[in-house]
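Me: I have just opened this entry for the first time. Could you take me through it step by step?

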Amino acid sequence: MPIMRNMLLYLSKNQMANRAAKKYGLRFGAERFVAGETLDTALVKVRELNDKGILATLDHLGEYVAGSEEAAALAADVVKALEAIKDSGVRANVSVKLTQLGLDISYEKCLYNMRGIVAKAKRLGNFVRIDMEDYSHNEQAIAMFEQLHSTYGPYVGIVLQAYLYKTESDMVRLRPLAPNFRLVKGAYKEPPEVAFPKKADVDRNFILLIEKQLKHGHYAAIATHDERIIEHSKAYAAAQRIPKTQFEFQMLYGIRPQLQQKLAEEGYTMRVYVPYGRDWYGYFMRRMAERPENVKFVVKSMFKK
Ligand code: FDA
């Protein structure tokens with residue numbers, strides 16, 4: 001299985017396949033993980049989740065953008081999503097990827113685009129989360145979060161990945177900001193020089209990070225479908241008398257919907273990450289890599305009329 005995982009993660013960065021995917025639209029069962037190609041279709045899905053007591057995070061798909069105009073247009077799309085959330089009254093915030101907003105062009109360009117987005121979120125009383133991408137962008141993402149936080153405070157948050165050795169010290173570094181972290185295991189292919197190669201070590205570090213964030217009284221978005229870790233977090237919070245308002249669970253659209261519903265019914269804040277847009281290829285391939293059994297669905301869907 002690691003061979004399959006590595007192959008899928010390698011393919012997730014293939015630019016030719018990405019261009020073809022954009023051209024031909026949602027295919028191969030991607031509809032299971034992607035809420036649609038437009039903001040309007042995604043808002044319908046968000047409303048359905050809200051009706052079940054579940055919050056959402058809208059993610060306009062896209063990454064590794066190389067042109068300034070495209071990055072600026074994508075930033076404008078995120079601002080539009082924030083406005084649409086306000087106008088439609090749905091309960092949702094947004095997540096962004098910095099390489100979508102020009103990080104590979106220049107840090108300054110990306111910061112400029114991010115300022116426009118986070119300023120808008122602040123005006124509307126909403127929230128923007130910086131997704132964490134591959135290791136080569138990690139330091140810049142953290143630096144940008146620090147910079148944005150110094151101007152906009154709690155209207156911006158970031159993701160920390162448990163598979164990286166450096167994450168524990170990043171948590172300490174950022175602690176004075178009382179940050180709102182989404183904590184995840186990590187979805188990219190990283191070498192053993194920077195990331196735990198063994199899943200058991202990632203899981204152990206994930207639990208340690210969750211406990212540390214909660215113990216220090218800061219907000220944790222615990223983003224996982226791993227029931228063992230969810231149960232551990234619930235038990236830890238109860239034992240330490242950590243209020244349910246200090247953390248939330250997050251899962252991805254299309255994964256473990258019954259568990260999402262169950263947690264919402266138990267009175268936990270449950271938020272689902274709802275990706276939409278035409279740039280679905282990289283996201284979809286990472287979901288395949290997480291669970292290579294998903295590839296079976298793809299193969300079946302290729303032969304469906
Ligand atoms: P794990 O992989 O151990 O899976 C536990 C169980 O969940 C599996 O046994 C299976 O039942 C189910 N499951 C997990 N993935 C599945 C899939 N694709 N299809 C079907 N079932 C699946 N990563 C990152 O690097 N940067 C980021 O910004 C984010 N953001 C983010 C937001 C949210 C809301 C979530 C839930 C996750 C992310 N991730 C992420 C992805 C994360 O790093 C990780 O790759 C996935 O969540 C899968 O890991 P689990 O914690 O679910 O555990």
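Me: Let us start with arginine 287. Is that residue buried or exposed?
Reply: Arginine 287 counts as buried because it has 22 C-beta neighbours inside 10 Å, and the cut-off for that class is 20 or more. Please keep in mind that this is a predicted model.

Me: Where is arginine 287 found?
Reply: Arginine 287 lies in helix 11, which covers residues 281-290.

Me: Which residues does the UniProt "binding site" annotation cover?
Reply: According to the unreviewed UniProt entry, the "binding site" annotation covers Lys97, Arg286 and Arg287.

Me: What about lysine 97, then: buried or exposed?
Reply: Lysine 97 is buried, because 24 other C-beta atoms lie within 10 Å. Its place is in the loop between strand 2 (92-96) and helix 5 (107-124).

Me: Which residues does lysine 97 touch?
Reply: Leaving aside residues up to four places away in sequence, lysine 97 touches Gly62, Glu63, Asp131 and Glu133.

Me: Changing topic: how many helices and strands does the protein have?
Reply: The protein has 12 helices and eight strands. Of its 305 residues, 41% count as buried.

Me: And the contacts, what share of them join residues at least 24 apart?
Reply: Among contacts between residues at least 6 apart in sequence, 72% join residues at least 24 apart.

Me: Now strand 8. How many of its residues are buried?
Reply: Strand 8 spans residues 270-276 and is mostly covered, with seven of its seven residues buried.

Me: Which of them point one way and which the other?
Reply: Met270, Val272, Val274 and Tyr276 point one way from strand 8, while Arg271, Tyr273 and Pro275 point the other way. The reason for such a pattern is that side chains in a regular strand alternate between the two faces of the sheet. In strand 8, the residues pointing either way are all buried.

Me: In what sense does strand 8 pair with strand 1, and over how many bridges?
Reply: Strand 1 (residues 55-60) and strand 8 pair in the parallel sense over six bridges.

Me: What do strand 7, helix 10 and strand 8 make together?
Reply: Strand 7, helix 10 and strand 8 make a right-handed β-α-β unit.

Me: What lies in the loop between strand 7 and helix 10?
Reply: Arginine 256 is found there, in the loop between strand 7 (247-252) and helix 10 (257-265). Although arginine 256 is not a glycine, it has a positive phi of about 50°. Arginine 256 counts as partly exposed because it has 17 C-beta neighbours inside 10 Å.

Me: What is the phi of alanine 178?
Reply: Phi of alanine 178 is near 50°, a positive value in a residue other than glycine. Alanine 178 sits in the loop between helix 7 (167-174) and strand 5 (181-184). With 13 other C-beta atoms within 10 Å, alanine 178 is partly exposed.

Me: Last topic: what pLDDT does the protein average?
Reply: The protein averages a pLDDT of 91, and 89% of the residues score at least 70. The model scores ipTM 0.98 and pTM 0.92.

Definitions and conventions:
Residues are numbered from 1 along each chain as its sequence is written. This is a predicted model: local features need pLDDT of at least 70, side-chain atom pairs count only at pLDDT 80 or more; totals for chains, interfaces and linings use all residues. Helices (H or I, at least four residues) and strands (E, at least two) are DSSP runs, numbered from the N terminus. A residue is buried if 20 or more other C-beta atoms lie within 10 Å of its own, exposed if 12 or fewer, and partly exposed in between; C-beta atoms are placed from the backbone. Two residues are in contact if their C-beta atoms, placed from the backbone, lie within 7 Å. Two strands pair if DSSP finds at least two bridges between them. A crossover is right-handed if, with the strands pointing away from the viewer, the path from the first strand over the helix to the second runs clockwise. pLDDT is the predictor's confidence in each residue, from 0 to 100. UniProt positions are given in the numbering used here, feature names are shortened, and annotations may be inferred rather than shown by experiment.
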